Amino acid sequence: MTDLTPIIQMTDVSRIFGDFRALDRVSLSVLPGERVVVCGPSGSGKSTLIRCLNRLESHDSGTIIVDGIELGEDTRDIRAVRQEVGMVFQQFNLFPHLTVLENLTLGPIRVRRMSRSAAEELARNYLDRVHIPEQADKFPAQLSGGQQQRVAIARSLCMEPRIMLFDEPTSALDPEMINEVLDVMVELAGTGMTMICVTHEMGFARKVAHKMVFMEAGRIAEIAPPEAFFSNPSSARARLFLDQILEH
Amino acid sequence: MPDTARTMPLVRRLRWRRLFGTRAVSVLIYVLVMWLIVRAALQGAAAMGYNWQWYRIPDYVLERTDAGFQPGELLVGLGATLLLSASAFALALTMGLVVALLRLSDLVIGRATARVFLEIVRNVPLLVLLYVFYYVMGPIFGLNRYLASILCLGVYHAALVSEIIRAGINSVARGQWEAATSIGMTRTQIYRFVILPQSVRFMLPPLTGEAVNMIKSSAIVSVIAVAELTTAGRNIISDTYLSFEIWFTVAALYLAVTLCLSMLVARLEDRFVLGS
Ligand SMILES: Nc1ncnc2c1ncn2[C@@H]1O[C@H](COP(=O)(O)OP(=O)(O)OP(=O)(O)O)[C@@H](O)[C@H]1O
Ligand SMILES: [Mg+2]
């Protein structure tokens, strides 16, 4: 983290649905290589926050600058940002009509304009990285949940993004599959990828996060390094939240 | 009757239903009903003094000449019907896709255009539309009766096809859009590589129904004397007065074609389900 210009800069960002403020003047900056874990109660705006970063959700006020590009109405800018920002969803969202390999090469071939052979080599490389090289020719429905989520991670990585967003990547998984996905994410952290993860996996957060973000009712209630956050959260609400999820 | 059915003890009602539900009884009832209908028709025809000449019909389907078999007038007409329907259906698919995409687009003008098109087509009878294409657009744009028919049928069926395509597109999960969007694909790419291939499975059954409808409604172009199956039938009858035999045969030919089509697509669907 020698480069001190933020790769993500959100300033006073609000997102309003009807008369409900899902995001309320949120400001956050993330440095290249930094790993941020976002947590908070349901409905507090965590998904909305990270979905604004690749404009799956548009913001109503404030500014978002990602990798030097300000997100606005310009569709070219938006697509340029999306190519730098990978996203992994709770429900995997793999393309069910394509094989694993085709899922991985679709973006590189159509968006990056790679040749098929180069894209396949890239894809096999990333399948190795998520430890399922042998599943290349299967369809998503033939894989377990954990395997599907690892394919989804590999699909994002194939676009060679500078930033990875995770929206509760393990919440839809059976307990015995959570670790295989978290392991892959920890390994990814080891490569120096900039990561923003919405997750309630506090063990993972302790291990990889540089920064914890706690959200509450559309606002960022607390930003702290993990040691401080877990041992001594400054807001009462965060303390209550931690008690609840660490209870068991 | 409904009263006795309602007061009948449940067990007995169930027993009756089970009896009528068996295959043997169903077939028996079916045969009985068909026999009654056919008998009534034959008796009616006999009462009219109708002179059945079925032996003359095969020649209109397959003509035996010195050179061997040749397609008869009806078979030629059937070919023309299929060609006409296929061209019009291709047009309906193309226009239907465009209209569906316009309706789903962010463009206000696009959505408005699509709505106007749909309202007009839905609210004008097919026959009137045909007259508009043939007697109004025909002279203006120099359309012959064949082109006017294709355009008319294509436009008419594009309305329903667009609804089918729109429903198919909407039935693809929202997350598919998001995943494709998040890897930087354009809208066009997302439709082409992610959404449409998945929605084909949902669209295939209703599109088959629409293709069958197309073949059936193509008969209407006989009113502007386009040479197809129904026109061929009319021509033969005006020469020979074999009206019962010919209309039965024409109906059977339409039925055969549409049944074949449905069976073909059912096969195709199986393959789709297996593939996914
Ligand atoms: N498209 C939308 N239309 C209306 N309200 C929305 C929409 N998307 C989100 N919201 C609302 O905004 C609030 C924040 O939603 P968000 O999904 O960001 O919460 P979250 O913190 O991710 O919650 P969860 O832990 O349940 O995923 C919620 O109350 C939600 O109902
Ligand atoms: Mg969420």
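In this predicted model, a polar side-chain atom of Thr48(A) lies 2.5 Å from an oxygen atom of ligand 1 (a polar contact is a pair of N or O atoms within 3.5 Å). A polar side-chain atom of Ser42(A) is placed 2.6 Å from an oxygen atom of the ligand, and a polar backbone atom of Gly43(A) is 2.8 Å from an oxygen atom of ligand 1. The protein covers 59% of the 640 Å² of accessible area that ligand 1 has on its own (Shrake-Rupley method, 1.4 Å probe).

The shell around ligand 1, counted by heavy atoms within 4 Å, includes Phe17(A), Pro41(A), Lys46(A) and Glu168(A). Its residues divide into four nonpolar, six polar and two charged; Ala, Val, Leu, Ile, Met, Phe, Trp, Tyr, Cys and Pro count as nonpolar, Asp, Glu, Lys and Arg as charged, and the others, Gly among them, as polar. Helix H1(A) gives the most to this shell, with three residues (helices are DSSP runs of H or I with at least four residues).

In chain B, the axes of helices H2 (residues 10–21) and H3 (residues 23–48) come within 5 Å and cross at roughly 70 degrees; axes are lines fitted to C-alpha atoms over the stretch in contact, with angles from 0 to 180 degrees between N-to-C directions. H2(B) and H3(B) are therefore roughly perpendicular (65 to 115 degrees). Leu19(B), Phe20(B) and Gly21(B) of H2(B) meet Arg23(B), Val25(B), Ser26(B) and Ile29(B) of H3(B), with contact meaning heavy atoms within 4.5 Å.

Local features need pLDDT of at least 70, and side-chain atom pairs count only at pLDDT 80 or more, whereas totals for chains, interfaces and linings use all residues. Side-chain values use heavy atoms, without hydrogens and water; residues are numbered from 1 along each chain as its sequence is written, while chains are lettered from A and ligands numbered from 1 in the order in which they are written.

How values were computed: Helices (H or I, at least four residues) and strands (E, at least two) are DSSP runs, numbered from the N terminus. Angles under 35 degrees count as roughly parallel, over 145 as roughly antiparallel, 65 to 115 as roughly perpendicular and the rest as oblique. A polar contact is a pair of N or O atoms within 3.5 Å; within protein, one must be able to donate a hydrogen and the other to accept it, and residues adjacent in sequence count only if both atoms are side-chain atoms.
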